[in-house]
Amino acid sequence: MKTSFYQYSLSDLKTLFEHNGLPPSGPGLLYNWHYKKRKIEPCLADLAKKSIQFVAEKFDFNLPEIDQTQDSADKTVKFLFKLQDGQKVETVLIPFNGKYTICLSSQVGCAMKCSFCHTGLQGLARNLRTDEIIGQFLQSQRWLTANRPDDDKILNIVFMGQGEPLHNFEAVKKACEIFLSQHGLSVADQKITISTAGYLPGLQRWKDEMPKVNIALSLHSPVKEKRDELIPINKRYPLEEVLKYVEAIPSGKNRFVTYEYLLIEGFNDSDEDAHLTGKLLEGKSAYISLIPFNPFPGSDYKRPQLERVQHFKTILDTYKIPTLIRATKGDEILAACGQLNSKKLT
Ligand code: SAH
C-alpha cells in the first residue's frame with residue numbers, strides 16, 4: 001500500500017532511503033521539488049532510476065481537496081477541505097498587513113467539549129494525519145497564488161483551527177518538523193504557534209519532543225469553577241499543573257507564552273477577573289491575547305461591549321503584562337476563533 005509522501009520528515013525519508021539501499025541524495029531532491037518548488041507531479045529530474053521506481057511504488061502525493069471556499073470583505077478566506085475518507089475540516093487564512101496567517105485544524109472535530117466552542121459541539125471524529133495538516137497549508141498556498149498572486153505570502157502558522165493539537169501530538173509534531181525544515185517549507189520557528197486548552201499529557205512531552213515553536217494556552221479564567229465550566233478538561237488537568245509545564249517551555253531570547261483569554265459578558269469579564277488574571281501572570285514572560293467571544297448558532301454566551309474589553313485590558317496594563325485585543329476577522333462567514341464546525345457545512 002502507498003503512503004503519503006507528505007507524512008515524512010526529512011530524517012524519516014533519509015532513513016527510508018538508507019534502508020532500501022537508495023542514493024542518499026534522493027530525500028533532499030524530493031523535498032526541494034515538492035516543498036520549495038511546490039510541484040505536485042512526482043519528481044523525475046535528477047533522481048536515480050531506482051529511486052524514481054521506489055517513489056512510484058511507495059508514495060502517493062494526494063492532498064486534501066478544496067470542497068468549498070468562502071471569503072469575506074476583510075479578505076479572510078475559509079476553506080472546507082474534503083479528505084480521502086470523505087471527512088471534512090476547515091482552514092482559515094487571516095490577512096494581516098498584506099500577509100496571511102494560516103489557522104490549521106489538527107483533528108476532525110474535537111474531544112475537549114469546551115462550552116464556548118462550536119467545534120466542541122461536533123465531537124471528535126478522528127485525528128488528522130501529518131499529510132492532512134501539511135496539505136491544508138500547501139493547498140491554501142496554491143489557492144492564494146492562483147487567486148491573489150500579488151498578495152500570496154503566508155507568514156504565520158497557528159494551530160487554532162478545529163481540534164486540540166496536543167491530543168494529536170505525533171502528527172502535529174511531525175508537521176512542525178516539515179514546516180521548519182530548511183529543505184522543506186522553511187518556516188521560521190517564531191512563526192509557528194500551537195494553541196492548547198491545557199492538555200497535560202501533551203504538555204508533559206513538549207519540552208523533550210516538540211521542535212522549537214511557540215505555545216499559546218487557552219486560559220480564559222484563573223478561577224477554578226469558571227475554568228471548569230468553560231474547559232471541562234480543567235477538572236482532570238488543573239491549571240497549576242498545566243502552568244508548571246507551560247512555563248517551562250519557552251526557550252531562547254524573546255520567547256514568551258501567549259495566554260488567550262476569551263471574554264464572555266457577565267461571566268469572566270469583571271474587574272475582579274482582570275485583577276486575578278493580572279496577579280496570576282504578573283512577572284512571567286507572558287503576553288495576553290484577549291478574544292471577545294464569537295457567537296455561533298445555538299450559543300448562550302454573549303460578547304462584551306468593546307468598552308468592557310478595553311477596560312479589562314487597562315487593568316491588565318497595570319500589571320505590566322503586554323496585552324492585545326485580538327481583532328475579529330471573518331466572523332460573517334463563521335471563520336473566527338471557535339466558530340469552525342465542518343459538520344454544519346456538509
Ligand atoms: N484546542 C486549542 C486550539 C483551538 S481554539 C485550544 O483550545 O487552544 C483556538 C482559540 O480560540 C482558543 O483560545 C479557543 O479557546 C478560542 N475560542 C474557541 N471558541 C471561541 C469562541 N466562540 N469565541 C472566541 N474564541 C474562541
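Me: How many salt bridges are counted between domain 1 and domain 2?

Reply: In this predicted model, the count between domain 1 and domain 2 is one salt bridge.

Me: What makes the pairing of lysine 174 with aspartate 12 a salt bridge?

Reply: The closest N and O atoms of lysine 174 and aspartate 12 are 2.7 Å apart, and the rule asks for a side-chain nitrogen of Lys or Arg within 4 Å of a carboxyl oxygen of Asp or Glu, so the pair is called a salt bridge.

Me: Which elements give two or more residues to the side of domain 1 that touches domain 2?

Reply: They are helix H1 (10–19) and helix H2 (26–36), and H2 supplies the largest share of that side, namely four residues.

Me: How much area do domain 1 and domain 2 bury between them?

Reply: The two domains bury about 1,300 Å² between them, with 56% of it on carbon and sulfur atoms, while their centres, taken over C-alpha atoms, are separated by 33 Å.

Me: How do you know that cysteine 114 is in no disulfide?

Reply: The structure holds zero disulfides. For cysteine 114, the nearest cysteine sulfur, which belongs to cysteine 117, is 6.2 Å away, whereas a disulfide needs two cysteine sulfur atoms within 2.5 Å, and therefore cysteine 114 is in none.

Me: Why is cysteine 176 called buried?

Reply: Its relative accessibility is 0%, and because buried means under 20%, cysteine 176 counts as buried. Cysteine 114, at 13% relative accessibility, also falls under the 20% cut-off and so counts as buried.

Methods: Residues numbered from 1 in each chain as written. Predicted model: local features only at pLDDT ≥ 70, side-chain atom pairs only at ≥ 80, totals over all residues. Heavy atoms only, no water. Buried < 20%, exposed > 50% of the residue type's maximum accessible area, 1.4 Å probe, protein only. Domains from an automatic or database assignment. Buried area = accessible area lost by both parts, 1.4 Å probe.
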